[in-house]
Amino acid sequence: MGKMSEYIEQAEKDLLHLYNRYQIVLDHGEGMRLFDTEGKSYLDFMSGIGVFALGYGDKKFNDAVHAQVDKLLHTSNYFYNEPAIEAAKAIKKASRMDRVFFTNSGAEAVEGAIKAARKYAYLKDGSTDHQIIAMDHSFHGRTYGALSVTGKEAYRKPFEPMIGNICFAQYNNIDSVKALINDKTCAIIMETVQGEGGIYPATESFLKEIRKICDEKDLVLILDEIQCGMGRTGEYYAWQRYDVKPDILTTAKALGGGVPVGAFLVNEKLAQHSLVAGDHGTTYGGNPLAGAAICASFKRYEELDLLDNVKKTGAFLYEKLEEIKNKNPHIVDHRGVGLMQGLEFDGPVADIIAKALNKGLILINAGPNIIRFLPPLICGEAEVTEMCGILKECI
Ligand SMILES: *Cc1c(COP(=O)(O)O)cnc(C)c1O
């Protein structure tokens, strides 16, 4: 613990400056609250960008991770390990998908998903000019494959050329998708609820139409649930709200309860007709520490009945944000589901977020004009009420 200004000065000498960080050095957390190195506390409505579903310092989760640290951290994928086997079982049960590949991050899960989709198409006709349809305003990560399907040109432009044969449709506009489909199309990739792009949930009809097109044309549907999965919408995976099952699912962020881990999951058809031994791999993916963290996460979700809590608290948050919206002409829209909601303003929200931070509330934006509400999934009505009180003072 020490003075934040000194740490920050040092950091700005040593770290590559790729983030405009808040002038705060975080030290530890407890439940829904974080503390900086000078002892100030913050109510957290960001959860490390949707990572800390269990909040901070969950004793049973931490004990499980500690125990694995003392036992074995890494094996490589030349061997099996028990935590990864248990984790695969747990994630299959929650997702109802058939096979799992563990990664270390979200972007890495998206990379694997794209490779699996292209390999599936390649095995069908032996050609290598297949196209993938992605969505405007989407976010899939910063590595080349993931960036290539990310629908924000400013993120891509300086790094071109991207991987080839990607085109972009409008989210929730089925005609724009249909217009792009041709004989070379092999896959559609989309978030079930767009996160970074501004908290846009896919409509039920859009999702169902997409699934129908993929079935008719034998296209691979990739649903990226790295942000909206793991209970954020009140179901383990957001597609389960409408029962529109993907062929490939990507998941990360909350999956390891703070331990970095991701995964892509496939159905049995893709498992049988796509990637084979030698096609893909990772040194760290599926290590026992990550496996133990995943298992402990799922166990705590069940013990704490988190999905139910998300439904309840999410509905309460929706009500409270509607009240705020109805009283403020500068708020132009309110969207989202469960504990993934957004308020869109008619101008930039950076000032509101900075003011809230001063008052001990951590919020996050999703684009310049949208405040995103992404609290730990343990969030209750009391914290929502407290958050709304501070938010109202800051608007
Ligand atoms: C965060 C995110 C990613 C990238 O995950 P990283 O772990 O940062 O690589 C991909 N897709 C979605 C929907 C995300 O929210």
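Trainee: Which ligand atom is 2.7 Å from the side chain of D224?

Mentor: A nitrogen atom of the ligand is 2.7 Å from an N or O atom in the D224 side chain. This is a polar contact, that is, a pair of N or O atoms within 3.5 Å. The model is predicted, so local features need pLDDT of at least 70 and side-chain atom pairs pLDDT 80 or more, while totals for chains, interfaces and linings use all residues. Side-chain values use heavy atoms, without hydrogens and water, and residues are numbered from 1 along each chain as its sequence is written.

Trainee: What lies 2.8 Å from a polar side-chain atom of Q227?

Mentor: An oxygen atom of the ligand.

Trainee: And how much of the ligand's accessible area does the protein cover?

Mentor: The protein covers 81% of the 380 Å² that the ligand has on its own; accessible areas come from the Shrake-Rupley method with a 1.4 Å probe.

Trainee: How do the residues of the shell divide?

Mentor: Into 3 nonpolar, 5 polar and 3 charged.

Trainee: Changing topic, where is Q68?

Mentor: Q68 is in helix α3, residues 59–71; helices are DSSP runs of H or I with at least four residues.

Trainee: Buried or exposed?

Mentor: Q68 is buried, with a relative accessible area of 10%; buried means under 20% (1.4 Å probe, protein chains only).

Trainee: Which residues is Q68 in contact with, leaving aside neighbours within four places in sequence?

Mentor: L73, P83, P288, L289 and A292, where contact means heavy atoms within 4.5 Å.

Methods. Helix = DSSP H or I, 4+ residues; strand = E, 2+ residues; numbered from the N terminus. Buried < 20%, exposed > 50% of the residue type's maximum accessible area, 1.4 Å probe, protein only. Polar contact = N/O pair within 3.5 Å; in protein donor to acceptor, adjacent residues only side chain to side chain. Nonpolar A, V, L, I, M, F, W, Y, C, P; charged D, E, K, R; others polar.
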